[in-house]
Amino acid sequence: MKKELIKGNIAIAEAAIAAGCQCFFGYPITPQNEIPEYMSLKMPQLGRTFVQSESEVSAINMVYGAAGSGARVMTSSSGPGMSLKQEGISFLAGAELPCVIVNVMRGGPGLGGIQPAQADYYQSVKGGGHGDYHLVVYAPSTVQEAVELTQKAFHTADKYRIPVVVLADGVLGQMMEPATITVPKEEPLPEKTWATTSIGNSSRKPNIANSLYLDPYKLEKHIQHLAKKFDVITENEIMVEYNDIENAEIVVVAYGTTARIVRSAMNTLKKEGINIGLVRPITLSPFPTDEINQACKNANSVLVVEMSLGQMIDDVKIAINGEKPVNFYGRQGGVIPKASDVVDEIKKLRGVI
Amino acid sequence: MKQVFKKTTMLTDKPFTYCPGCTHGIIHRLVAEVLEELGIGQDTIGVAPVGCAVMCYEFFNCDMHVSAHGRAPAIATGIKRVYPDKIVFTYQGDGDLASIGTAETIHVAARGENLTTIFINNAIYGMTGGQMAPTTLMEQKTTTSPTGRSESLGGNPIKMSEILATIDGVCYVERTSVHNPQHIIATKKAIKKAFQNQIDNKGYSIVEVLSNCPTNWGMSPQQSLVWMEENMIPVYPLGVKKEVK
Amino acid sequence: MEGKFIFAGFGGQGVLTAGQIVALAGMIEDKSVTWMPSYGPEMRGGAANCSVVVSTSLVGSPIVDVPDTVVVMNKPSLDIFENSVAKNGFLIYNESLISTKPTRTDITILPIPCNQIAKDLGNVKVANIVSLGAFLATTDTVTMDSLIAGLKDKFGESKKHLFDVNIEALNKGYEFAKSLI
């Protein structure tokens, strides 16, 4: 496949199509509109399904119907739209239905703004919907990685019967970068024997896509089953990237677009002889807790940089477990931190300024 | 001995959990018999609502989805888009279809999805304990309209069949009742037509079935059937509201 | 080597396209590139701009805060971006539409009559490509050949008939800027 200069949102849509996404249900909201727009043209051409739903609530429930029927299915949204989807996401998690949900994050709370932010970390990683459940959350940092993680998201969803979030932001959605859209090579997946295909000529019992357990003991058992499954995911699926951590006096933890900004700051600091490391969680859920602890072993302190008031920092603090200071730098509301701001912050931490 | 009657194969052996005198059981049986008689049971996927009938996923002998409140039409859309050749139906109550899921109801109709909806209107929220429904009658007492439904506090009853009949993409709308055997037979006929339309690829069909709730109405089953005829039918007139031939 | 650029103007002046052609040129040279537009309601008729980074190593932030070269096609963009240009950097402004002169003294300022040159070429729509030619005079990060290849890639076969006038616009802009440096 040819490398092309492609917008993040379009790349995510193309990646999904290449991964065999059969249905897309969505609703317009900035800054992810290129995804439904692209899908509305391409999916019907391929004989696949695109529906612009009447609401985000409906979109996620159409996802439920298609996922329960065994199809590869995706929806995408941002900010207020993601909040509306949380009801359905909880039901999908409860019913163990695999699907891919793309969130191109913008500033909040409320209507907030349309500029890039990372303020939906809690919502994606800690729940968002009601009840005891976890999602898998991938956080791409480049357009190429958005392609790869979108495709991986479909695989992980099918492998474990779990909704998977691709957590991007307005920068990644809107920027263009060279990327190659490949057709993923996937390991064999379990057959979807649970899907509501209609019974047909088989002798099986009815399949039910369901999250209702009125008996508390049965519900408890179900929740513990979900938790055990997530333990297996934690064991096998954590992804994390390390940059220059060996001799770093300060290790920065950042994900997505912010990690790119930190890399720019690191380049400037390196020229001045200051060694800074970067740990970039690629899976935000499950979170690379042990990996971060290990990566920061030799550092004096840790700096978390986010486009929020500081949400991931909670998980980093759990990872560091009080062993050393964990500091924070962030901008909010759609203001993108400058590399030079991160440089200044690190110098401040070193006591140079 | 010659067998003259047997239970439809489209109901499981699980006993109904509905209150004594509730007509959900009758309507379940009608739907199940229609699925069997049309020979489509094996190809059917149903969607259960939130409300008393959420348990119907244990009663219908076919693949089922259990939906979030009001979302059954969206879920059914998802299923039908994956399996356009299968029979997909939703079974929804009044709170589900006419209140929390109004948007889903209107838009599944506007898209003309080739689906069948069985809409149970008993003018009250049964499962949650007798609160006011969008279809609760004026002056009707419920646990959230304790002095009777008034326009200023509770608004007016909503007539979904009449509304849906105005929407392009809807193929068939009929309101029926199950307060006596004659109307039960008519209801079955309507349900059969609504499924036949789907087999014939005609678009969205809905049958609104006036139903009872003796428990939350505070009546005996018999009283409730009389109440339906005397109070509900005048507000919700029976008949075909739309039919595209 | 890394070049950071901003192209700014109002919607319809082709500044996003100009930036994309630079990114395509960098990609053709197998460099790491990013193109990041401003987005939102202000794009319609108001200010439009894009950040472009071309680098021989992996691009970090796609947001350009201190550009090496800024191209501004209208007055509001000049007001916004003049101060951001890196010390010893370049500011190209569309002299056809901007009568106010920039005031910075620590940068090279290149007034280019983009619309006039485009008009003289018979197609005022290529004013953005004139500015792109001028841009090339300020940087070594991409070559003229790759810019032309990028331009052809962007416009595609359906606009093949416009290749010549655009290439001419590139050359005119380049020559005009070179004569000022």
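Which strand of chain A is Val304(A) found in? Val304(A) is found in strand E14 of chain A, where helices (H or I, at least four residues) and strands (E, at least two) are DSSP runs numbered from the N terminus.

## About the model

This is a predicted model: local features need pLDDT of at least 70, side-chain atom pairs count only at pLDDT 80 or more, and totals for chains, interfaces and linings use all residues. Residues are numbered from 1 along each chain as its sequence is written, while chains are lettered from A and ligands numbered from 1 in the order in which they are written.

## Around Val304(A)

Val304(A) is buried, because 26 other C-beta atoms lie within 10 Å; a residue is buried if 20 or more other C-beta atoms, placed from the backbone, lie within 10 Å of its own, exposed if 12 or fewer, and partly exposed in between. Leaving out residues up to four places away in sequence, Val304(A) touches Val253(A), Gly310(A), Met312(A), Ile313(A), Val316(A), Val326(A) and Phe328(A). Contact here requires C-beta atoms, placed from the backbone, to lie within 7 Å. Asn327(A) is 23 residues away along the chain, and its C-alpha atom is separated from that of Val304(A) by 6.1 Å.

## The sheet that holds E14(A)

Let's step out to the sheet. Its 5 strands form an open sheet in the order E10-E12-E11-E14-E15 (chain A), with mixed pairing; two strands pair if DSSP finds at least two bridges between them. The edges are strand E10 (240-243) and strand E15 (326-330) of chain A, each pairing on one side only. Strand E11 (residues 250-253) and strand E14 (residues 301-306) of chain A run parallel and are joined by 4 bridges, with Ser301(A) in E14(A) as the bridge partner of Ile250(A).

Two helices accompany these strands. Helix H9 (residues 256-271) of chain A packs on the sheet, touching E10, E11, E12 and E14 of chain A, and its direction makes about 170° with that of E12(A). Helix H12 (residues 339-350) of chain A lies across E11, E12, E14 and E15 of chain A, at about 155° to E14(A). Axes are lines fitted to C-alpha atoms, for helices over the stretch in contact, and angles run from 0 to 180 degrees between N-to-C directions.

## A buried strand, E5(A)

Strand E5 (residues 99-105) of chain A has 7 of its 7 residues buried, so it is largely enclosed by the rest of the structure. Cys99(A), Ile101(A), Asn103(A) and Met105(A) point one way from E5(A), and Val100(A), Val102(A) and Val104(A) the other way.

E5(A) runs parallel to strand E4 (residues 73-77) of chain A, with 4 bridges joining them, and Ser77(A) stands opposite Asn103(A). E5(A) also pairs with E7(A) in the parallel sense over 7 bridges, where Asp169(A) is the bridge partner of Met105(A).

## Domains and the second chain

The domain assignment, automatic or from a database, gives chain A domain 1 (3-197 + 224-237) and domain 2 (240-350).

Between the chains, 35 residues of chain A are in contact with 28 residues of chain B. The largest share of the chain A side, 9 residues, comes from H3(A). E9(A) and strand E2 (residues 63-66) of chain B run parallel, joined by 2 bridges, and His65(B) is the bridge partner of Ala209(A).
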